[in-house]
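Morning, everyone. Please bring up the model on your screens, and we will walk through it together.

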Amino acid sequence: MNMITNHMPTAELQRLDAAHHFHPFTDKAGLAAKGARVITRGEGVWLTDSEGHRIIDGMAGLWCVNIGYGRKELAQVAARQMEELAYYNTFFQTTHVPAIALAAEIAKLAPGNLNHVFFAGSGSEANDTNIRLVRRYWDVMGKPWRKTIIARWNGYHGSTMGGGSLGGMKPIHAHGGKIDGIEHIDQPYWWGEGGDMSEEEFGLARAQELEKKILEVGPDNVAAFIGEPVQGAGGVIIPPATYWPEIQRICDKYGILLIADEVITGFGRTGNWFGSQTFGIRPHIMTIAKGLSSGYAPIGGSIVCDEVADVVGGAGEFFHGYTYSGHPVACAVALENLRIMQDEKIVEHVRDVAHPYLKERWEALTDHPMVGEAKLVGLMGSIALTPNKAKRAKFASEAGTVGYKTRERCFANNLIMRHVGDRMIIAPPLVIKPEEIDVLIERARKSLDEAYRIVRDEGLWAEA
Ligand SMILES: *Cc1c(COP(=O)(O)O)cnc(C)c1O
């Protein structure tokens, strides 16, 4: 197909990209040799690249474009806000209407007494805010020794020094180190680490690691626990049903602040407004970003409960903030996104239409010889690739080899589906329609078939 393009040939764009654009989470030299895929347009759940391919985006960008691409209302709101008041800060006793309106709207949507929003520019920044908030809280409470924050191995909380340290990804810690006072416990990943335990037993056992860690650190030294309701970047690890109630019980017992990192699970992803509602978590603080603006503008924040806000807010100035905390354009865009989410009943669409439809087709992928489990919560799904389903075996090849080959086939088949090690994951835009789910599943199955043949042909079909 000949496309009329208004930009340079792809090869020239790739050359310039390799020369000057230092990509995040990318092997720079490796990408330079290969050339990046150039995305040029987005419409609904569809992307177009510079070669004219129509790609179905099974990842909603980076888990964020929840209302889909190309919504003109958001562009119009941004233009209007830029004309009226492009920027003003929220430091030094000033405010503006977009920040006021968005904070009030978030407080309305958030459960319980989560009524106060501290704005940041991203999820990573918001988690850095959380570190300072919880430590400051305990300072004001007269317990400055309560500094330790407990998180999980293979959790993801962003890539700043604070966010990367809260996260439990060793390759991230290896690049630049880790800040002090953060401890990690094991993740509730039953399929990969559950051994002979039932899912229920394993969920409890992994939650009880929190209690062990609290006792090891000393209950009076622990400030907070942070976790994603469902681990996203770690491979869409949907915890056993027993996990979160036990975590909640332990946090309550020791009076530890609970932070739910809802950067992915917030704003409808799990079929409720927040993942905490899906899993019965009562956090003191929620981290938000991504779906807050559906990725149309960079914005994140911390939704803080009355008690923490009163304590930290009632003790003089909190020496913390970002130039772009509550950026008016980002706030206006996020507010319009939340209006559309509500007017078009997108959370209900996830719960009543898209989730049930995708669940049936996604779980049916377990009939594929290479698929060991296929799980879905709301519109967050994962597949474990395995050479032996009964034993939940890992491949003998280095972790991620088979996953990468599968992702390559997805790429070739114009489906964006990510791999995390040898798990395949999806998180499509929340507006995905049943007929688009059919396309996603058809391309996923084709890619799995092709990858399976390649794995067999290359002698990789072997158990660890
Ligand atoms: C993406 C993500 C973050 C970091 O958000 P950024 O906007 O990339 O800084 C934090 N926590 C979770 C759970 C995420 O998925």
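Let's start at the ligand. The shell around the ligand has three nonpolar, six polar and three charged residues. Here Ala, Val, Leu, Ile, Met, Phe, Trp, Tyr, Cys and Pro count as nonpolar, Asp, Glu, Lys and Arg as charged, and the others, Gly among them, as polar.

A word on the source. This is a predicted model, where local features need pLDDT of at least 70, side-chain atom pairs count only at pLDDT 80 or more, and totals for chains, interfaces and linings use all residues. Residues are numbered from 1 along each chain as its sequence is written, and side-chain values use heavy atoms, with hydrogens and water left out.

Back to the shell. Its members include Ser122, Gly123, Tyr156, Glu228 and Lys290; a residue is near the ligand if one of its heavy atoms lies within 4 Å of it. Helix α6, residues 123–140, gives the most, with three residues. Helices are DSSP runs (H or I, at least four residues), strands too (E, at least two), numbered from the N terminus.

Which side-chain atoms of Asp261 lie 2.7 Å from a ligand nitrogen? An N or O atom does. For Ser124, a side-chain N or O atom is 2.5 Å from a ligand oxygen. Tyr156 uses its backbone: an N or O atom there lies 3.4 Å from a ligand nitrogen. The protein covers 84% of the 380 Å² of accessible area that the ligand has on its own (Shrake-Rupley method, 1.4 Å probe).

Last stop, salt bridges. How many are there in the whole structure? The search finds 31, each a side-chain nitrogen of Lys or Arg within 4 Å of a carboxyl oxygen of Asp or Glu. One joins Glu246 and Arg249, at 2.8 Å, N to O. Why are these two about one helical turn apart? Because they sit three residues apart in helix α11, residues 243–254.

Terms used:
Polar contact = N/O pair within 3.5 Å; in protein donor to acceptor, adjacent residues only side chain to side chain.
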